[in-house]
Amino acid sequence: MEFLNTREFAQQLDAKDKLAKYRDEFLFPHVNGKQVIYFTGNSLGLQPKRTKAYVDEVMDDWAKLAVEGHFYADKPWWDYQERFAAPLSKIVGALPSEVTVMNTLTVNLHLMMVSFYQPTAKRFKIICEEKAFPSDQYMIKSQVRFHGLEPEDAIVEIKRRPGEHNIRLEDILDTIKQVGEELALVLIGGVNYYTGQVFDMKTITKAGQDAGAYVGWDLAHGAGNIHLELHEWNVDFAAWCSYKYMNSGPGNASGLFVHEMHHNDLDLPRFSGWWGHNKERRFLMEPNFDPVRGAEGWQISNLPILSLAPYLASVEMFDEIGMPALIQKRDNITAYLEFILHEIDREVNGHFEIITPSEPKERACQLSVFLHGEGRQLFDYLMKNGVITDWREPNVIRLAPVPLYCSYEDMYQFGQVLKAGILSHKK
Ligand SMILES: *Cc1c(COP(=O)(O)O)cnc(C)c1O
């Protein structure tokens, strides 16, 4: 499509946008009395207006029913998590039995490593990406040390080539081949949090498994953002947080995927608790653990219902819209933002560089922009003028034009603020 950098053109795109009505379903912060342009839905998604009713319902049930709420609330608490199975499985391309919600992301990745990282003298290496999200780096190092190994020996980082911003698929596949029989686990962020690069999960999963390893994905930036077929791709496990693209609120519950092929493997080590126990027999308080044959078999504690309520509101909204419609708008609005950035860059004589891959298959809802020159000042200018972006050292702002609540006119307006900011700092 031919894009134009005009307000009228952006408004025309909004008028044709089938998802435009959802913008009204979200609560936006205000700066100087005006609704902000929100580019940080990849960090903390906005609050949907419908969420409050879900939380109020739990508060009311607790007030009126107290302990009886476990069984007699309209949405009983004891199996509240089951409400997620159908809609969430569609979002990540799984069977309903393969997904559940519990804990938080890093905790779930630790629990997955308990099951899927069992190093032996021969097979003990983990492949991850260079400059992974810090929590993932700390987690992997601590797991390696927990097994009495040294991170320098056990962790193999896939590096970017000098002068390149993104990791090449061929380099990942070559590394998997080289590590070969020593490879125990491949654990990578499916969408890189810094550059927005989307990895070819299907190909990498197959390559890792062909080498005899397990393959898991951190989908913090993937869930609710990209097309996923975790079951079909034969992914061993995955986990994601729900407060980024899935708008469940700060620090809320994480989603978990464990492939069906592992559900009946009772030899897999796992840290267990009563909420993973055979559901019919959970309240018999038996001494021996008999896991649910599904992702729920990895549950530990009874669930934080007040944290799940906003996530349920969100999952039902995603179900209503469907990932295909969301992805279609995502690609279009991201392309429009890219166009606007290039236009403004031309008008101000070259100030920044988009480090996210330009190939649509390798990116989703994020453009990371390397600002040459006055980075931090420009970021502050944007914030003061109602454009919420996020700053990463050394000189990068990340922009996520979330298709659920960002408009095309936002992209146009952002371009105008950006241009004014650059010109005011050049003087
Ligand atoms: C956001 C994010 C996290 C956050 O982990 P929490 O345990 O939810 O604090 C972890 N990994 C990646 C890749 C992320 O983007």
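Where is D290 found? D290 sits in the loop between strand 12 (254-258) and helix 10 (305-321). Helices (H or I, at least four residues) and strands (E, at least two) are DSSP runs, numbered from the N terminus.

A word on the model. It is predicted: local features need pLDDT of at least 70, side-chain atom pairs count only at pLDDT 80 or more, and totals for chains, interfaces and linings use all residues. Residues are numbered from 1 along each chain as its sequence is written, and side-chain values use heavy atoms, with hydrogens and water left out.

Back to D290. Its relative accessible area is 24%, so D290 is partly exposed. Buried means under 20%, exposed over 50%, and partly exposed in between (1.4 Å probe, protein chains only). D290 touches G276, H277 and N278, not counting residues up to four places away in sequence. Contact means heavy atoms within 4.5 Å. The side chains of D290 and R293 are joined by a polar contact of 2.9 Å. A polar contact is a pair of N or O atoms within 3.5 Å; within protein, one must be able to donate a hydrogen and the other to accept it, and residues adjacent in sequence count only if both atoms are side-chain atoms.

Now H259. H259 is in the loop between strand 12 and helix 10. Is H259 buried or exposed? H259 is buried, because its relative accessible area is 5%. Leaving aside neighbours within four places in sequence, H259 contacts E98, L230, H231, N234, V235 and D236. With N234, H259 makes a side-chain polar contact of 3.5 Å.

Next, the domains. There is domain 1 (7-47 + 322-426) and domain 2 (53-321). These bounds come from an automatic or database domain assignment. The contact takes 36 residues from domain 1 and 26 residues from domain 2. Between the domain centres, taken over C-alpha atoms, lie 29 Å.

How much area is buried between domain 1 and domain 2? About 2500 Å², with carbon and sulfur atoms giving 57%. Buried area is the accessible area (1.4 Å probe) that two parts lose on being put together, summed over both. In domain 1, G322, M323 and I355 lose the most area to domain 2, together 21% of what that side buries.

Last, the polar side. Between the domains, 18 residue pairs are in polar contact (both at pLDDT 80 or more). Salt bridges across this interface number zero. That rule asks for a side-chain nitrogen of Lys or Arg within 4 Å of a carboxyl oxygen of Asp or Glu.
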